[in-house]
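Here is a short briefing for a first look at this structure. Keep the sequence and the 3D view open while reading.

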Amino acid sequence: MISLSLFENLGSGYQPVPVPNFDPDRIIITRGSYKTPQQRYLVEAICSVYPQAEIIEQLDRPHNRIQLDNPDPLKLHYTGKKTLVLGIHKSALRYSDEAGNMCPNYWHFSPYGFCPYDCQYCYLAGTPGVKYSPTVKIFLNLPEILNQIGRVASQLTIPTAFYLGKLQDALALDPLTGYSRLIIPFFAGQRYARLILLTKSVNVENLLDIDHKQHTNLSWSLNPPEVSSAFERNVPSPDERIAAMQKSNKVGYPVRAVIMPIVPVEGWKKIYSNFIENLLMSVPLERITLGQICSYSAALKLTERKLGKNNPISNRLEKVKSNDGRVRFLLKLRIDIYRSLIDKIKKLKPKLPIGLCMEEYQVFKALNMESAIGCCNCVL
Ligand code: SF4
């Protein structure tokens, strides 16, 4: 068991700060939220920073049984993005279950669910959990989640990653919860467990004075400004994200970048080449991962409701699903895109490790990158 004193301090002392890019219309408090005095403190403190939000108690319901009652999928999606659900998550630590692509499986955990941003391509919006419960969630039982991680970590014999960012944005809500101030010290005290966070946010203020012992890797999901402005709404700009990366790197965090999904808009070669140059000259990266659309039909339908059927993503998709049930761009296009970006990266930083996210064996083979299989953002 971890000592709860850190959480008690956090619970009684942390003052939530309203989150840029998130202004909920309603906050729904669900089953288990008031289980401990620390949880009650956090619920009340979070509610107090959004005095305009309607506060609804549904203490007989778990977090994933909230009904928003909107038959229109797009309206339901946006109602969900303006609904903050507070609750507890009993199975927040999981081992991933990928098959049919070259990604390794790995531990991931969820102190949050989904996120307040509005990326038009969001694949998470089509996953079953989000499709039926498309709200932004904060899980209040963080000490329990860390205890679960601690139990797995006690059995480890080699450094092993625990990933935060698979089913949420890792830092988008951190100013509200201050969770990074508990999670990062927890991993700093671990012999073998390591933390990898993935975010599009710029909320690093809570992280900068923590003694992280380099047991936490911070990873940013990025796209060039031309692509971000077309497909990422209500998200900090790429320049702001790069500034957050620089700040974090200055205090010793290893920093990674994930360029994903690469979208072949008109002029993409030059756009991505310029962006990669700017990124690599701005931040010393530990690893860079490239990825393209690898989504599910339900998420792509939502993308089309946002962008219309004739859009640069839908127009380039394969007609058939890949072996893992996802839909991707045409194989030749994917290989051409990777080749172009990899050439650029290698010219500028020949030694920088490059990963491909959620890709298939024939892509690694065509690029002569079989040795990079397993060099991913989600693992060490
Ligand atoms: S940041 Fe990630 S989870 Fe949030 S909307 Fe964008 S793609 Fe979806």
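Predicted model: local features only at pLDDT ≥ 70, side-chain atom pairs only at ≥ 80, totals over all residues.

Elsewhere, helices H9 and H10 have axes that come within 10 Å.

**Aromatic pairs**

- Tyr106 sits in the loop between strand E4 (93-95) and strand E5 (107-109), and Tyr163 belongs to strand E9 (residues 160-164), so their pairing ties together parts that are 57 residues apart in sequence.
- Both tyrosines, Tyr106 and Tyr163, are buried.
- Trp107 and Phe162 make a stacked pair.
- Are the two partners buried or exposed? Trp107 has a relative accessible area of 22%, so it is partly exposed. Phe162 is at 0%, so it counts as buried.
- Trp107 and Phe162 belong to one aromatic cluster, together with Tyr95, Phe109, Phe186 and Phe187.

**Charges over rings**

- Arg40 places its charged end over the ring of Tyr34, 4.1 Å from the ring centre.
- Lys81 has its charged end over the ring of Phe114, 3.9 Å from the centre.

**Helices H9 and H10**

- Helix H9 covers residues 238-250, and helix H10 covers residues 268-282.
- Their axes cross at roughly 20 degrees. That is under 35 degrees, so H9 is roughly parallel to H10.
- The crossing of H9 past H10 is right-handed.
- Which residues meet where the two helices touch? From H9 come Pro238, Asp239, Ile242, Met245 and Gln246. From H10 come Phe275, Asn278, Leu279 and Ser282.

- Ile271 is part of helix H10.
- Its relative accessibility is 14%, so Ile271 counts as buried.
- Leaving aside residues up to four places away in sequence, Ile271 touches Pro224, Glu226, Val265 and Glu266.
- Glu205 is 66 residues from Ile271 along the chain, and the C-alpha atoms of the two are separated by 30 Å.

Terms used
Residues numbered from 1 in each chain as written. Heavy atoms only, no water. Helix = DSSP H or I, 4+ residues; strand = E, 2+ residues; numbered from the N terminus. Buried < 20%, exposed > 50% of the residue type's maximum accessible area, 1.4 Å probe, protein only. Phe/Tyr/Trp six-rings, centres within 6.5 Å; stacked < 30°, edge-to-face > 60°. Lys NZ or Arg CZ within 6 Å of the ring centre and 35° of its normal. Axes fitted to C-alpha atoms, helices over the stretch in contact; angles between N-to-C directions. Parallel < 35°, antiparallel > 145°, perpendicular 65-115°, else oblique. Left-handed = near helix turned anticlockwise from the far one by under 90°. Contact = heavy atoms within 4.5 Å.
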